Amino acid sequence: MESFDIAVIGAGAAGMMCAAVAGQLGRRVVLIDHSQRLAEKIRISGGGRCNFTNLYAGPANYLSANPHFCRSALARYTPRDFMALLKRHHVTWHEKHKGQLFCNESSDAVINVLKSECDAGGVVWRTPLSVEQVRQDAEGRFMLDTHAGPIAARALIVATGGLSIPKIGATDFAYRLAKQFGHKLIDTRPALVPLTFAAADWEPFSALSGVSLEVRIATGSKQSGAEFDEDLLLTHRGLSGPGVLQISSYWQPGEPVHIDLLPNRDAAAALLEAKTGTRRQIANLLSEWVPQRLAHVWLETHQIPAEARVADLPDKVLRRVGEALSRWTLTPNGTEGYRKAEVTRGGIDTRELSSTTMMSARAPGLYFIGEAVDVTGWLGGYNFQWAWASGVAAGQAAADHVRRA
Ligand SMILES: Cc1cc2nc3c(=O)[nH]c(=O)nc-3n(C[C@H](O)[C@H](O)[C@H](O)COP(=O)(O)OP(=O)(O)OC[C@H]3O[C@@H](n4cnc5c(N)ncnc54)[C@H](O)[C@@H]3O)c2cc1C
């Protein structure tokens with residue numbers, strides 16, 4: 001039987017970071033993954049350029065039933081720490097939008113950094129390898145039954161991620177293992193995901209597929225909801241784009257979303273103002289404010305002829321059109337699901353994990369990190385920052401746990 005100090009299951013963002021840290025602290029670490037291809041989510045992230053962190057990442061950018069849980073790990077391993085790591089490996093990047101950092105070259109640069117950090121820590125790779133069962137022996141060692149024989153380890157770190165994108169290897173392994181050890185789960189659902197609508201509700205807008213504009217989008221109450229100023233993209237099935245992905249993480253089934261299509265203007269007041277001193281057609285005026293195709297469909301759905309002159313339309317009609325532009329209210333019938341979701345909301349309840357070490361309160365030596373736990377970041381590099389930070393916290397803690405055992 002093979003025996004190690006630490007076994008890490010899941011060689012994605014969090015698992016590789018964690019294995020590298022523990023290995024470099026002198027522990028004998030094995031890193032196991034069932035996939036042929038390494039770190040596939042890093043590879044496809046950020047459109048192939050990996051939005052690896054966000055300069056402004058802080059606890060307020062994460063959703064969790066236990067909102068303070070992420071605070072300690074994020075404070076101890078910051079975006080600057082990851083930037084320093086990339087710099088040591090001569091990887092260059094640029095800031096795109098609101099603190100989002102992307103690689104100048106491809107995402108492979110980040111994967112190569114993590115691989116070489118693992119090599120520097122002497123991490124032993126076992127891929128592709130499936131873990132069929134995990135048990136703890138009388139001395140508290142973790143016994144992993146794999147299709148290639150048993151592996152024993154003093155500490156076990158579970159970094160198998162969430163449920164999004166099953167076709168590249170996502171599984172519910174972490175949740176099953178957590179339950180086996182008596183952990184509670186927070187209900188999971190797709191997040192950072194496009195929203196869909198009933199065919200009849202979306203029919204008037206389906207022709208607008210491809211139209212995009214900057215909006216203010218909101219859902220829920222002041223306490224549990226959120227509001228983002230970001231781009232919206234209309235698709236043939238519903239709404240997508242960064243603003244919608246952000247709001248999808250907060251959206252509750254059955255609830256509406258509210259969209260201000262003209263966030264920098266009081267649309268009703270501006271339309272009423274335009275009545276005087278102009279003979280312009282309403283479609284021409286609206287096309288200055290929103291994309292032309294949207295302006296035309298908007299007027300059609302409000303039964304106003306595109307060629308009608310603003311000056312000839314009654315105030316109450318202009319007010320109705322303007323107010324609707326400022327508060328377009330729609331109720332999605334669902335999301336595009338895990339097939340398209342960038343992350344999984346919910347997961348292992350953090351109230352039974354240590355926020356400084358990520359260790360289970362139920363099984364000493366067992367750790368859960370990354371997306372598998374109930375910490376979900378906004379769009380924009382926050383999810384990787386959580387993977388790095390929780391990976392470092394658990395890597396250091398497990399190395400220490402093994403030393404003292
Ligand atoms: C299309 C897309 C784009 C994204 N872009 C960004 C971005 O630009 N910035 C950002 O911050 N976040 C982004 N994310 C989210 C980010 O990729 C994840 O939050 C992050 O990868 C989570 O890290 P993790 O290590 O917890 O899980 P993962 O990186 O998903 O790694 C989990 C690993 O566990 C392995 N595994 C799963 N089940 C088993 C099992 N049963 N046995 C063995 N191994 C198993 C998997 O093969 C995988 O290698 C994106 C996600 C997607 C889907």
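How many salt bridges does the rule count? The count comes to 20 salt bridges, a salt bridge being a side-chain nitrogen of Lys or Arg within 4 Å of a carboxyl oxygen of Asp or Glu.

## Basis of the report

This is a predicted model, in which local features need pLDDT of at least 70 and side-chain atom pairs count only at pLDDT 80 or more, while totals for chains, interfaces and linings use all residues. Residues are numbered from 1 along each chain as its sequence is written, and side-chain values use heavy atoms, with hydrogens and water left out.

## Helix H1

Helices (H or I, at least four residues) and strands (E, at least two) are DSSP runs, numbered from the N terminus. Helix H1 (residues 13-24) has twelve residues and spans 17 Å between its first and last C-alpha, close to the expected 16 Å; the expected span is 1.5 Å times one less than the number of residues.

Eleven of the twelve residues of H1 are buried, so the helix is largely enclosed by the rest of the structure. Buried means under 20% relative accessible area, exposed over 50%, and partly exposed in between (1.4 Å probe, protein chains only). The buried residues include Met-16, Met-17, Cys-18 and Val-21. Just after H1, Gly-26 takes a positive phi of about 95°.

## Packing of H4 and H5

Helix H4 (residues 79-88) and helix H5 (residues 108-120) pack at about 85°, with their axes 10 Å apart. Axes are lines fitted to C-alpha atoms, for helices over the stretch in contact, and angles run from 0 to 180 degrees between N-to-C directions. H4 is therefore roughly perpendicular to H5, a class covering 65 to 115 degrees.

Phe-82, Leu-85 and Leu-86 of H4 make the contact with Val-110, Val-113 and Glu-117 of H5, where contact means heavy atoms within 4.5 Å. Five of these contact residues are nonpolar, none is polar and one is charged.

## Selected salt bridges

Asp-145 forms a salt bridge with Arg-135, the closest N and O atoms being 3.5 Å apart. Asp-145 lies in strand S9 (residues 142-146) and Arg-135 in strand S8 (residues 131-136), so the pair ties together parts ten residues apart in sequence. Asp-145 is partly exposed at 21% relative accessible area, and Arg-135 is partly exposed at 39%.

Glu-352 pairs with Lys-184 in a salt bridge, with closest N and O atoms 3.7 Å apart. This pair links distant parts of the chain, 168 residues apart. Glu-352 counts as buried at 11% relative accessibility, whereas Lys-184 counts as exposed at 51%. Elsewhere, a network of salt bridges links Arg-37, Glu-40, Arg-43 and Asp-108.

Key:
Angles under 35 degrees count as roughly parallel, over 145 as roughly antiparallel, 65 to 115 as roughly perpendicular and the rest as oblique. Ala, Val, Leu, Ile, Met, Phe, Trp, Tyr, Cys and Pro count as nonpolar, Asp, Glu, Lys and Arg as charged, and the others, Gly among them, as polar.
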